[in-house]
Amino acid sequence: MNTMFWIIEFCSSFVEIFLCTVFCGTFIENIDLKKNYRKRIIISVIVSAIMMIINHINIFSYITALLGFILMALSAILVYPKSLFKAPMLATIFLLIIATIDNVVINTISFALEIPLNEIYQEFSLYRVLAIISSKTVLLLLVIIINKLFLKKRTLQRRYLIILFGVTTIMFFVTVLITFMEIKNKAANSVIPILFFAVMLILLMVIFFGTFKLTEYYENQEELKLTTLKNQMLEKSMSETKQTFMLWKKSMHDYKHNIANLVTLADNNNLDGIKAYLQSENKLLNKKLFYYKTGNDTVDTILNIKQRTAENKEIAFIINAKIPDKCPVSSAHFASILGNLLDNAIEASSDEQSPFIEVKIKPVKSYLMIVISNKCTRSNVKLETTKSHKQLHGIGINSVKQTVKEYKGTFVIDHTDGIFNAEIIIPM
């Protein structure tokens, strides 16, 4: 009989550890219940066996509770080694969920059947088996519901996760203290602890769902700001394109007058005038006909528009770009990255003597490198703007950072020897 109870205890620990990995995975990798189940099963079996060894020494004490917490956090880290920050925090939140559910179920059984709590917690009996089965069933249903609700949803922002972890830690210590105090009471339980732990569980769920709502609201606001910025960039690009088109239209309109002028100069045998006129037109044609080709139509359009804008402000614009055929960056993201960084570079170069902007885009081994450099002799450089729309300008830099992060790349800004460099490296 004793062996059967220990098997039940092992199964209980296994369910807790396994569901902990599912719970953590829901918010770390957006997994469903079917993915990576072999790894989670193996780790759950090993950790549950270790917990059984500890429970053989003392099935319920402060030490075993602490070791149980450490093992649960460790299991989450082993399953998700790349999330050393999130995994233990989420495991702590899950441990509080387990503690509150266990307390609600055990206190309910103690109250309904008029059995002292210590008999359920510390003694092997059918009441303990009933409590284990009931609590783990509730836990399983809750994890499935959470997994279905939050699967492929937004992940928690770090700031909100830290707040949730802090609140959870306090609630967990309160739960543990009250639980140990109740175990010492050999009388049958009252309805007050049931209500207390039920309120704790509801409060935890409200805080948990509330943090996700805050994250959703925050990200919606960021997306709204980014959309506003992109619309402004699109309007600006359309305006610049329109200006370029009008210049060409004006040139075509003036073409017949230019021919008439040449005819007049030729009739008068004014060779010097013809030479001066042709030299002037040759310079204009070189400027108008130059169109840089990188292999990507979106990049070509942005670079050439920004080049014209820079040259109109007498800023030398140097391009050394080649986009590989299998480029990982989408056209929309290229537009966001180059548009924001080049606007910043053009603005920063406006007050410089002999200003220049250099754009480098090229594959380096298995990475795509984007480097935008501009002259900047100011010593106190800040990523701010003198524009009236300072908030939107700041969003531009954040937009670049967010875009690079989506591609698991790096974004580094450097200011050395009067040169301001913005360097992006994206894995291909």
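Which residues does Phe-23 touch, not counting residues up to four places away in sequence? In this predicted model, Phe-23 touches Leu-90, Ile-93, Phe-94, Ile-97, Val-143, Ile-146 and Phe-208 once those neighbours in sequence are set aside. The protein has 428 residues, of which 43% are buried, and its secondary structure consists of twelve helices and five strands. Among the contacts between residues at least 6 apart in sequence, 74% join residues that are at least 24 apart.

**Nonpolar cores**

- The largest nonpolar core holds 54 residues, and those with the most contacts inside it are Phe-23, Cys-24, Phe-94, Ile-97 and Phe-208.
- At least two residues of this core come from each of the helices α1 (2–28), α2 (37–57), α3 (62–79), α4, α5 (117–122), α6, α7 (158–183) and α8 (191–267).
- Helix α4 provides the largest share of this core, with 14 residues.
- Another core, of 31 residues, lies apart from the largest one, and Ile-337, Ile-346, Val-404 and Ile-424 are among its members.
- As general background, nonpolar side chains in soluble globular proteins tend to be buried together.

**Helix α4 against helix α6**

- The axes of helix α4 (residues 86–113) and helix α6 (residues 126–150) come within 9 Å and cross at roughly 140°, an angle that makes α4 oblique to α6.
- The crossing of these two helices, α4 and α6, is right-handed.
- On the α4 side the contact involves Phe-94, Ile-97, Ile-98, Ile-101, Asp-102, Val-105, Ile-106, Ile-109 and Leu-113, which meet Tyr-127, Leu-130, Ala-131, Ser-134, Ser-135, Lys-136, Val-138, Leu-139, Leu-142 and Val-143 on the α6 side.
- Sorted by class, the residues in the contact of α4 with α6 comprise 15 nonpolar, two polar and two charged ones.
- Two of the α4 residues in this contact, Phe-94 and Ile-97, are also listed among those with the most contacts inside the largest nonpolar core, and both are touched by Phe-23.

**Helix α1 against helix α6**

- Helices α1 and α6 pack with their axes 10 Å apart and at an angle of about 15°, and they are therefore roughly parallel to each other.
- The crossing in which α1 passes α6 is left-handed.
- From α1, the contact is made by Phe-5, Ile-8, Glu-9, Ser-12, Val-15, Glu-16, Leu-19, Val-22, Phe-23, Thr-26 and Phe-27, while α6 brings Leu-126, Arg-128, Val-129, Ile-132, Lys-136, Leu-139, Leu-140, Val-143, Ile-146, Asn-147 and Phe-150.
- The class breakdown for the contact of α1 with α6 is 15 nonpolar, three polar and four charged residues.
- The C-alpha atoms of Val-22 and Val-79 are separated by 9.8 Å, although the two residues are 57 residues apart along the chain.

**Helix α10 against helix α11**

- The axes of helix α10 (residues 297–312) and helix α11 come within 9 Å and cross at roughly 15°, which makes α10 roughly parallel to α11.
- This crossing of α10 and α11 is right-handed.
- Thr-298, Val-299, Ile-302, Leu-303, Lys-306, Thr-309 and Ala-310 of α10 meet Ser-331, Phe-334, Ala-335, Leu-338, Gly-339, Leu-342, Asp-343 and Ile-346 of α11.
- In the contact of α10 with α11 there are nine nonpolar, four polar and two charged residues.

**Positive phi in loop residues**

- Ser-354, a residue other than glycine, has a positive phi near 50°, and it lies in the loop between α11 (331–349) and β2 (356–364).
- With a relative accessible area of 61%, Ser-354 is exposed, because the cut-off for that class is over 50%.
- Lys-365 likewise has a positive phi, of about 55°, although it is not a glycine, and its place is in the loop between β2 and β3 (367–375).
- Lys-365 counts as exposed at 82% relative accessibility.

Note on methods. Residues numbered from 1 in each chain as written. Predicted model: local features only at pLDDT ≥ 70, side-chain atom pairs only at ≥ 80, totals over all residues. Heavy atoms only, no water. Axes fitted to C-alpha atoms, helices over the stretch in contact; angles between N-to-C directions. Helix = DSSP H or I, 4+ residues; strand = E, 2+ residues; numbered from the N terminus. Parallel < 35°, antiparallel > 145°, perpendicular 65-115°, else oblique. Left-handed = near helix turned anticlockwise from the far one by under 90°. Contact = heavy atoms within 4.5 Å. Nonpolar A, V, L, I, M, F, W, Y, C, P; charged D, E, K, R; others polar. Core = buried A, V, L, I, M, F, W, Y, C linked by side-chain atoms within 4.5 Å. Buried < 20%, exposed > 50% of the residue type's maximum accessible area, 1.4 Å probe, protein only.
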